[in-house]
Amino acid sequence: RERLWQLDMWRKRGLGKLAADFGPGFLAQDRAARLFLYRGDMAAEWAAYGTPEARAITEAFTAGINAWIARCEAQPALLAPEFAAMGTLPERWSPEDAVRIRSHGLVRNVLSEVTRARVMAKAGLEAERARRSLEPEWTPVVPEGLDPGAIPAGVLDVFKLATARLDFSHGRMTATLDTAWQWTRVDDLGDVYIQGSNNWAVAPARSATGRAVLASDPHRAHALPSLRWLVHLTGPGIDAIGAGEPAMPGISIGHNQTCAFSLTIFPMDQEDLYVYETNPDNPLEYRYGDGWEAMTTRSETIAVRGAESQSVTLKFTRHGPVVFEDVAAQRAYAVRSVWFEPGASAYLSSLGYMDAPDLATYEKALHGWATPSVNHVYADVAGNIAWYAAGRAPIRPNWDGLLPVPGDGRYEWAGFHDFSALPRSINPARGFVATANEMNLPADHDHASAKLGFEWAEHSRARRIHEVLDSQPAHSLADSMALQTDDVSIPARRIRPLLEGLAGEGDTADALALLAAWDGRLGRDSAAAAVFEVWWTKCLKPTLLDLVTMDPDIRPLLAPGDIETLLGMLETRDARIPDRDALLLATLGKAMVELRLRLGQDPAGWTWGALHHGYFEHPLADILPEMKSVGRLPKGGSGSTPMAASYRTTDFRVTSGASFRMVADVGNWDASMCINAPGQSGDPRSAHYDDLAPQWAAGAYVPLLYSAAAVDGAAALVIRLTPA
């Protein structure tokens, strides 16, 4: 009813059916998407989700979508306006559609494997560390038989296309009333969306309420409508409220009558790139063991709007889909991913825990969790709090997963780590559990053997969250909301002392004066915050990366740069920096020049929010300006603050961060709070399309009412669905 355009686009993108609606420009994307569909046994798929009702739930879910589509067919005015604008209609769903699509899920690290191979081969290990540091400290080992320098630059273009968000700004459309839509795809997949999340649970002994407090704010690429959908599911045996993704049944972040639950990404390495020698006499065969093994091929027909249907060939090895072939070099490349295992549909395993009555039941439901790999944080009315790492983690007996590997049989997954062997913490003496995608493996974890993953988020958000929680003996709901929207920058606090004692003239002197009195908060009304962020992201970091390498092929691969490595270069007076003070002053002066151009000559009128802003762009805004986008919304913070607000440096638009937030008062559920920006509805005609955007931008919340009395008392509209 509120998100049908979003649902329809999710399904058509994932199944590879875009060209049927939008023309031949989407053929390549359709083929790419089809390579990454789950094609395994459906009985095993349904059995893998921790509840015997997974199939029945999904059948009911898709039947509901189809019922609304049927209603719209009878009353076309109910259809979201995007359908009429694009001349398309929604298609009915099968239950399998909801689970076979994997390419929207968050797994890793095949993209980084390829980049690492290229950087190490040409610029060495120190350059690679400037791109991405590894934790715990680790030196990548080149697998025997791999030539990292021979990996083609475009080897994962098909993979990128399969996993790209559907973004119509990447194309140009021309049309007249009597001609078919014509699309030209623009090869631009360069935007970097930093994905992460925060969550924590505070025990009753450390809570101002005497009850546990659970907070969750997942960070994803900003979109319109929101990625999350708030829902309250009440019926026989279920009374749960919270957020899930619109195209999947259930609630992954929220609470029921006794338990609250949340998740953030725990960055397991769940995929690998395999490199094959192909048979010079038959490129459809690849070397495996002592002989040649045939690829599996599949021919599929793709409908194309305004043109004849097209036949495409999909190729697979024993490890996964073939994404690149170099016939001249006799090489082929395939991606192996947990996506192709039963039960790896993103978040669907939450069906197993959303009605859990207690910690033991909740823990049991996590045993089959596959994707995305996450930090589950939990709290209940009995006073328990817990953290579990969960996900399907491949066992790599003889390599570390950090580089591509030969596909000849020497580098095979040996199953998956058992859930019971993954790290966890239950009712710790510290009085809270908290995660922010940082390296949080316990000190006694055998990382050298397990090799769960090496690439984690920078520590800034986690350090600030732990700092605040450690300092609060009586943590309140208000404290959780303040921490979710906290704008303290740890990089700023580490860099600012390096300026002490320095002097400059003109612009540089003005910048030093602003930063000298600054507290390191990236408030949206702060002039000093604007100075620091423009300096750090536009001038200082790029200059440091230039010192690492100026190779035109490698330098772009290092951006945006590893925060910990770059801060370390400054703090330790790295040998690559001939004169740190001069570098700091010169880059600071450059930042001031840019700020005066962007914000005017007088720093007294500058604010960070005048640059840094939220903007929820309608997917069709580039080609249909009448489609309503939401913003511009002045924002504080950055990707390094708990109020995660990562931005693109071209115009400082926030591209990723928390659009959904929740703070749960465990047991006093009606006191819980939330926000979901820019609004619940995806229909531009609805009052709830953008009504939450101002509160979100200001760091405010709305009640997450739960009891029947509270909900009925606040209801403004009741919609009754009566079975025919």
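**Helix packing and local geometry in the predicted model**

Leucine 498 sits in the loop between α15 and α16; helices (H or I, at least four residues) and strands (E, at least two) are DSSP runs, numbered from the N terminus. The model is predicted, so local features need pLDDT of at least 70 and side-chain atom pairs count only at pLDDT 80 or more, while totals for chains, interfaces and linings use all residues. Residues are numbered from 1 along each chain as its sequence is written, and side-chain values use heavy atoms, with hydrogens and water left out.

Leucine 498 counts as buried, at 14% relative accessibility. Buried means under 20% relative accessible area, exposed over 50%, and partly exposed in between (1.4 Å probe, protein chains only). Leucine 498 touches Leu570, Arg580 and Leu584, leaving aside residues up to four places away in sequence. Contact here means heavy atoms within 4.5 Å. The C-alpha atom of leucine 498 is 13 Å from that of glycine 520, 22 residues apart along the chain.

Helix α20 has 20 residues, and its end C-alpha atoms are 28 Å apart. At the start of α20, a side-chain oxygen of aspartate 579 comes within 3.3 Å of the backbone nitrogen of aspartate 581. Just after α20, glycine 600 adopts a positive phi of about 105°.

Arginine 596 belongs to α20 (residues 580–599). Its relative accessible area is 13%, so arginine 596 is buried. A polar atom of its side chain lies 2.4 Å from the backbone oxygen of glutamine 601. Beyond residues up to four places away in sequence, arginine 596 touches Asp507, Asp510, Gln601, Pro603 and Trp606.

Two packed helices are described by the angle between their axes and the distance between the axes. The axes of α16 (residues 507–516) and α17 (residues 527–548) come within 9 Å and cross at roughly 120°. Axes are lines fitted to C-alpha atoms, for helices over the stretch in contact, with angles from 0 to 180 degrees between N-to-C directions. From α16, the contact draws on Ala511, Leu514 and Leu515; from α17, on Ala527, Ala528, Val531, Phe532 and Trp535.

Helix α13 (residues 460–471) has twelve residues. From first C-alpha to last, α13 reaches 17 Å, close to the 16 Å expected at 1.5 Å a residue. Among its buried residues are Arg461, Ile465, His466 and Leu469. The buried residues of α13 pack against β3 (196–202), β4 (213–221), β20 (432–435), α14 (477–484) and α15 (490–495).

Some loops show marked backbone geometry. Asparagine 437 has a positive phi of about 70° although it is not a glycine. Asparagine 437 lies between β20 and α12 (447–450) and is buried, at 3% relative accessible area. Lysine 451, also not a glycine, has a positive phi of about 50°. The loop between α12 and α13 holds lysine 451, which counts as buried at 10% relative accessibility. The peptide bond from leucine 224 to proline 225 is cis, with omega near 0°. A cis peptide bond also joins threonine 371 and proline 372, with omega about -15°.

Key. Polar contact = N/O pair within 3.5 Å; in protein donor to acceptor, adjacent residues only side chain to side chain. Expected span 1.5 Å × (residues − 1).
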